[in-house]
Amino acid sequence: MTHGLPSDLSTINRMMSPFSDPTAHTSPLLAQLNHEQHRAVALPAEHALILAGAGSGKTRVLTTRIAWLLQTSQVSPGGILAVTFTNKAAKEMKLRLQSMLPVNVNAMWIGTFHGLCNRFLRAHYQLAGLPQTFQILDTQDQLSAVKRLCKQFNVDEDRFPPKQVQYFISGCKEDGQRPGDVPVRDDETRRKVELYQLYEEQCLREGVVDFGELMLRSYELLRDNVHVREHYRRRFRHILVDEFQDTNKLQYAWLKQLAGLPGEGGECAILAVGDDDQSIYAFRGARVGNMADFVREFQVKHQIKLEQNYRSFSNILDSANHLISHNKTRLGKTLRTDQGAGEPVRVVESPSDFAEAQWLVDELRQLVKLDGFERKEVALLYRSNAQSRVLETALFNAGFPYRVYGGLRFFERAEIKHALAYLRLMENPNDDTSFLRVVNFPPRGIGARSIEQLQDAARAAGCSLHDAVSATTGKAGANLAAFVAMVDVLREQTEGLTLREIIDLVLDKTGLVNHYRAEKEGADRVENLEELVNAAESFVTQEGFGRSAVAMPQALSQSPASQGLSGSGSADLGTIDEFSEDGVIMSPLAAFLTHASLEAGDNQAQAGEDAVQLMTVHASKGLEFDAVFITGLEEGLFPHENSMNDFDGLEEERRLMYVAITRARKRLYLSHSQTRMLHGQTRYNLKSRFLDELPEACLKWVTPKTAGFSNLGNAAGSSASGGAWPQTPAFNRHARPAWGQSSLSTETYKSPPVPVQKAAPEHGISAGKQVFHTKFGEGKVLAVEGAGADARAQVNFPRHGVKWLALSVAKLTLV
DNA sequence: AACACGAGAGTTTTT
DNA sequence: CTCTCGTGTT
C-alpha cells in the first residue's frame, strides 16, 4: 500500500502512552496497513470504535493491534482480553496472532463471550454459587429441561408451549433479568416468571447452567463482588471486541463491568470493532444501539472508519453501497476499492424455482469449465433453508459436487449426545437432564412408569434422580439400581485413565456402540461414536490436556495483576483464597465436556473439498467467494414476509442483502423466480424490491431462454436485440409491452403457468391493486392466476397475511 | 419396544 | 410438500 502513513508516527507514539516504543514505526507489523488501518492499530490506550466495512481488513486490524501493543510493551499478554462471537473467529485470531509474533496466546484471554464467561466461572465457581463440576446445557438440553419442568408442574402446554417458555427465559437472561426483575403486567407473564423461577431452582439443584446463565452469572459476580471486579479491572488493560454490532444488552453490560465506565476508576481501553450495516442478528437479541451507547457512555474520542475494501470489484461494491444507502438508520460509511469495475452484476429471472435451479446448474458448469472458477470458490446463497432443497436436487441430479452448510453439528447428533450424557453423569450425578437421556438408552427395561415414580420420589425427597434411586423397590427399582451402579462403577474404573480410554470404556460398557451395531441403519452412528474418540484424542493433543489435570486459567499467574494479587500490598488481598484461580483444576474429561458444550463442532465444508457451497445468507457472513449467486430474490422471501412489514425488520433484511452482496469478489449473480413451491403450493412472487435499489449502471439484466417465458413479452425484446440474452439492460427492464392497467402491473405481473390471457381480465383485478374483502378487510393484490371461473388472486391483507382467493367465490372489490 | 399414523408447522442462529 | 413430534397400537 502506498497510502500515506501518518506524517510523523513518533508524534502519535508520544501521545499514546508512556509505554510506547519510539521505534514502533519501524515495525514490520504496521508496514502493510493502509492509513485508516494504521491509525486504528496505533491508537492510544483509550476507548475507541472502529467502523469496519465488509472486507476492510477488520480481523487484521484487531490482531495487529494486539501484536503491536505487545511488541511495544504497552501491555503484557495477561492484560489482553479479546472477545468474539464464534469459536471460529477466536481461533483465527489466535492463529494469526501467533503468526505475527512469538507469543503464548494462552496467556491472553481470547475467546467467545461464553467461553470467557465459562473460564471466569470455573475460576470463581464458589463465589458464583456453582458446583465445581457444573455442566453446560445447550439449547436442546435447555428445552428438555423446560419440558420436564412443565410436566412436573402440570403446565398447560397449549397455553405455555415449552419452546415459548424457553424463549422467554433466554430472553430475560439476555436482558440481564432475574425472575424478580421482570415486570409483570398480565397473568401470562406472571406464570412465565414463575416457571423461570422454578427453572432456575431446577438448574441449580442439578448443577447445570445454560448459555444465558454463563453470561448472566459472570456479569452478576463482577457487579456484586468488588474484589473480583477490581481484580479484573486492574488486570485487563485492553479489551477488544469483535462484531460489536452483534452484542446484546447483557454482553454490553458485562463489558461495562469488566472495563468500568469513565469515572469509575477503570484503566482499561476498549477497542470495539463492528459494522452497523452488517447487523443481522436483532432477532436473537443483538442491539446495534450498543454502538451509539458505547460512544456516549465511554466518551469515545476515537472513531475510525475502515472503508477501503480489498475484496470486490467496484460494480459489486457500488451495488452494495447503493442498496444500503436506502437504510435510514445508519452511522454512515461508504466502501471503496482500488480494483476496477469488473464484470457487471448479472440479474436473472426464471419462470419457476425449478427452472432457477436448472439454470444455476448450467451456469455453474460454465463457470467452472469455461471461466476457470474453482467450485469451492462459488457460493449459492438463499434467505431460508427451505430453499436449499430444490437447488440440492438439481445439483444432485446433475452430479455436480456441492456442500450444504448448516444442519446438525457433530456434538449435536443424538448418538454423540447420548455418549456425552454418560460422561456428564460420571462428572455430575445430579445432572437429571443427562440422567433421563440415557437411563433407558440403550433400552434396559426402565419404562415411562418407573421413571415417573422415580421423579416423584426425587421431588418428595428434594434430591436428584440419581440419589432417589436407592429409595425405589421392586423390579423397576432393580433395573434403576443397576443403571446407577453401572455409572458409579464407570466413574471409579475410569479414574486415572486417559480421556481416550475413558470414552472407549464408556462406549463399550454402556452398550451404546453395540446397540447401534445391531441397528439396521446404525452404521453412521457407530462411525460418529468412533469419531468422538478421535475428537477427544485431538482435543487432548491440541489443548495440551495430558495425563494430569490442568489448571484452567493458565493466564493469570503470568499477569502483572495477579502477581500483585499473590504478592503483598493491595488492600483487597484478604479475599485471595475465595478466588484463587490457581486452585481450579479441571480433569481432561471435564474440560472435554465443556469443549463439547461450547463448541458444537464445525458446520462447514471440509477444507480442500472442491464443492460449490450452499448456505443461508446469515451463514455466509464473514466469508468470501470468487462468485456468488443470491437466489430467491422475491418479495416475501427476501425481504422475508415476516420482516417486511415493519421498518426495523425491512432495514435488517436490507442489511442482510448487503451482507450477501459483499461476499462476492469477482462475480455476482442475483436471481429471482416468478413462481416458487412453498409449503406445498405454488406461490407467485414479485421480484424483490432490493433489485430496484441497485444502481442500473452496475447491472446486466440477463435472462435465460426458457420455455414458456416468452409470454411475458421478453421474447420480443430478445429478438429485437439480436439474441436470446438481451444485452441492453434498459430495454429488457423497462420496455416490456404494457399489460394490465396500472403501471405497477406492467412491471411486476407474474405469468401463471396457464396460458396467459392477452385481453385484460373482466374482473379488473390485477397485481398491485388495492382490494377490499368483507372478512379480511383491505389488501393488496400480489398476483392473479387463471381466468374465468378458475381465476384466483393472491392478496396480502395486513391483518391476515397473504391469501389465495378464488374470484368466483370471494367478493373482492377494487378500492 | 418398535412401528405407524396423524397433526402441525415451516426465517434467519451462535453459544 | 416434508419433516418432526407425540400418541396409540401391536
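**Domains, sheet and DNA contacts of the predicted model**

Chain A is divided into domain 1 (35-127 + 214-308), domain 2 (135-206), domain 3 (345-409 + 604-701), domain 4 (411-555) and domain 5 (769-814), with bounds that come from an automatic or database domain assignment. Taken over C-alpha atoms, the centres of domain 1 and domain 5 are separated by 52 Å. The model is a predicted one, in which local features need pLDDT of at least 70 and side-chain atom pairs count only at pLDDT 80 or more, whereas totals for chains, interfaces and linings use all residues. Residues are numbered from 1 along each chain as its sequence is written, chains are lettered from A and ligands numbered from 1 in the order in which they are written, and side-chain values use heavy atoms, with hydrogens and water left out.

An open sheet of 6 strands has the order S3-S2-S6-S7-S1-S8, with parallel pairing; here helices (H or I, at least four residues) and strands (E, at least two) are DSSP runs numbered from the N terminus, and two strands pair if DSSP finds at least two bridges between them. Strand S3 (109-112) and strand S8 (302-306) form the edges, each pairing on one side only, and from one strand to the next the twist averages 15°. Within the sheet, strand S6 (residues 238-241) and strand S7 (residues 269-274) run parallel and are joined by 4 bridges, and the bridge partner of His 238 in S7 is Ala 269. Helix H13 (residues 289-297) packs on this sheet, where it touches strand S1 (48-52), S7 and S8, and its direction makes about 150° with that of S1. Helix H5 (residues 87-100) lies across strand S2 (80-84) and S3, running at about 150° to S3. For these descriptions, contact means heavy atoms within 4.5 Å, while axes are lines fitted to C-alpha atoms, for helices over the stretch in contact, and angles run from 0 to 180 degrees between N-to-C directions.

DNA strand B is surrounded by 25 residues, the closest being Asn 87, Thr 139, Arg 383, Asn 385 and Thr 616, where a residue is near a strand if one of its heavy atoms lies within 4 Å of it. Of the atoms of DNA strand B that come within 4 Å of the protein, sugar and phosphate account for 53%. The residues of this surface divide into 6 nonpolar, 15 polar and 4 charged; Ala, Val, Leu, Ile, Met, Phe, Trp, Tyr, Cys and Pro count as nonpolar, Asp, Glu, Lys and Arg as charged, and the others, Gly among them, as polar. A polar side-chain atom of His 114 lies 3.4 Å from a base oxygen of DNA strand B, and one of Ser 643 lies 3.4 Å from a base nitrogen, whereas for His 640 such an atom lies 3.1 Å from a sugar or linking oxygen.

Most residues other than glycine have a negative phi, and most peptide bonds are trans. The peptide bond from Phe 441 to Pro 442, however, is cis, with omega near -5°, and Pro 442 is found in the loop between helix H18 (432-438) and helix H19 (448-461).

Technical notes
Polar contact = N/O pair within 3.5 Å; in protein donor to acceptor, adjacent residues only side chain to side chain.
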